[in-house]
Amino acid sequence: MTSLQQLRTGLFWNLSRNVFCQTVLFIICVNPLHISPMMPSLRSAFSATRSTSMLGGFQRVVTFDHLLVNVGGDFNPDTGLFRCRIAGAYYFTLTVGKYPKKLLSVMLVKNRQEVQAMAYNEYRKQSRKVQSQSAMISLLPMDTVWLLVQQNPNYALYSTTAPYITFSGYLVYPESTSSMGYPSNHLGPECLPPGDPSYNWREATEYLRSAFSVARTSSLLGESSRHDKREALTFDVEYVNIGGHFNKSSGYFTCRVPGVYFFAFTVGKHPRRAVSVKLMKGTGEVQAMVFDEDASRKREMQSQSLLLVLNQDDVIWLYSQQDERYAVYSNQGRYTTFTGFLVYPKSDFMNKERTFQ
């Protein structure tokens with residue numbers, strides 16, 4: 001081969017390599033919606049419904065007859081068990097119908113008997129109701145998550161062909177050691193120019209994670225003496241606190257990664273007290289609330305959720321109306337829960353000089 005042929009061959013392979021690299025970068029950085037490419041093996045999500053009622057005492061695990069989504073095949077509707085395949089933080093949400101003249105008690109359980117949270121209603125009226133609950137849980141491979149119905153004929157679940165009973169869950173953040181450098185199933189960081197010296201995919205993915213899920217195991221009774229004080233609802237059980245941005249002792253979540261966040265909370269209503277809990281931003285901006293002024297002696301629950309755009313150092317917290325007419329109920333069954341996680345980081349977060357629109 002002549003020197004000219006060797007030069008042409010070398011130029012061809014260099015050009016081909018550069019085109020290939022640029023193509024790979026384009027696929028990674030400019031895929032639709034800029035969503036980070038998740039390998040199929042790192043995806044896990046399910047959603048199932050049940051179209052028939054279920055009486056307590058006949059079976060303990062809630063099973064399902066309609067599977068809407070089962071990415072990864074980790075949920076078995078016939079057994080009602082979700083079996084973890086990928087270590088990480090998972091968000092679970094459930095809604096169940098209360099059977100007329102029956103009590104309602106359904107627990108979100110991890111492995112054999114580890115109760116994570118519950119949906120409960122002790123009204124025995126003819127009317128039908130639905131109750132919801134959610135939590136984010138850290139799982140290891142082979143961990144199971146399922147719904148436990150109270151083993152007593154006084155309890156029952158209600159549903160019809162228009163399903164009252166639903167159960168969903170999905171992987172939010174794979175464990176960093178098994179995530180192959182990908183941040184989550186949500187929007188990834190803005191791609192930096194090829195060759196940018198500040199580009200480090202693995203470090204960026206860890207920096208762009210933020211999630212918490214907590215529960216409270218005791219009630220909070222309002223008092224007249226505290227009427228003028230706005231104190232955050234605090235928590236004593238921590239399921240997940242990725243990034244360490246939530247302080248369960250103070251009840252405050254402080255945003256460190258600006259972007260779009262999802263928040264969900266469920267609170268128990270105390271017997272003979274009304275319930276009024278607000279999702280607050282900053283010093284007093286009400287974003288959403290739950291309310292029930294029924295002062296009967298029966299216990300039930302209220303749930304709320306929404307998305308918020310947060311800037312760095314924004315603070316999110318729950319405020320329970322603090323006078324003697326109001327209260328929040330909870331016990332070891334964990335009626336009261338609070339969850340939040342980053343869905344999309346702001347696209348300019350890696351470049352402090354640009355402004356998010």
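Predicted model: local features only at pLDDT ≥ 70, side-chain atom pairs only at ≥ 80, totals over all residues.
Side chains of opposite charge can pair when their charged atoms come close. In this model, the count comes to 3 salt bridges.

**View A. The salt bridge between Asp74 and Arg85.** The closest N and O atoms of Asp74 and Arg85 are 2.8 Å apart. Asp74 belongs to the loop between β3 (66-71) and β4 (75-76), and Arg85 to the loop between β5 (81-83) and β6 (88-98), so the pair ties together parts that are 11 residues apart in sequence. Asp74 counts as buried because its relative accessibility of 9% is under 20%. Arg85, in contrast, is partly exposed, at 34% relative accessible area.

**View B. The salt bridge between Asp313 and Arg256.** In this pair, the N to O distance is 2.6 Å. Distant parts of the chain are linked here, 57 residues apart: Asp313 is in the loop between β21 (300-310) and β22 (315-320), while Arg256 is in the loop between β17 (252-254) and β18 (259-269). Asp313 is partly exposed, with 48% relative accessible area. Arg256 is also partly exposed, with a value of 38%.

**View C. The salt bridge between Lys281 and Asp314.** The closest N and O atoms of this pair lie 3.8 Å apart, and the contact is counted because a salt bridge requires such atoms to be within 4 Å. Lys281 is in strand β19 (residues 275-281) and Asp314 is in the loop between β21 and β22; the pair thus links distant parts of the chain, 33 residues apart. Lys281 counts as buried, at 18% relative accessibility. Asp314 is buried as well, with a relative accessible area of 18%.

Terms used
Residues numbered from 1 in each chain as written. Heavy atoms only, no water. Salt bridge = Lys/Arg side-chain N within 4 Å of Asp/Glu carboxyl O. Helix = DSSP H or I, 4+ residues; strand = E, 2+ residues; numbered from the N terminus. Buried < 20%, exposed > 50% of the residue type's maximum accessible area, 1.4 Å probe, protein only.
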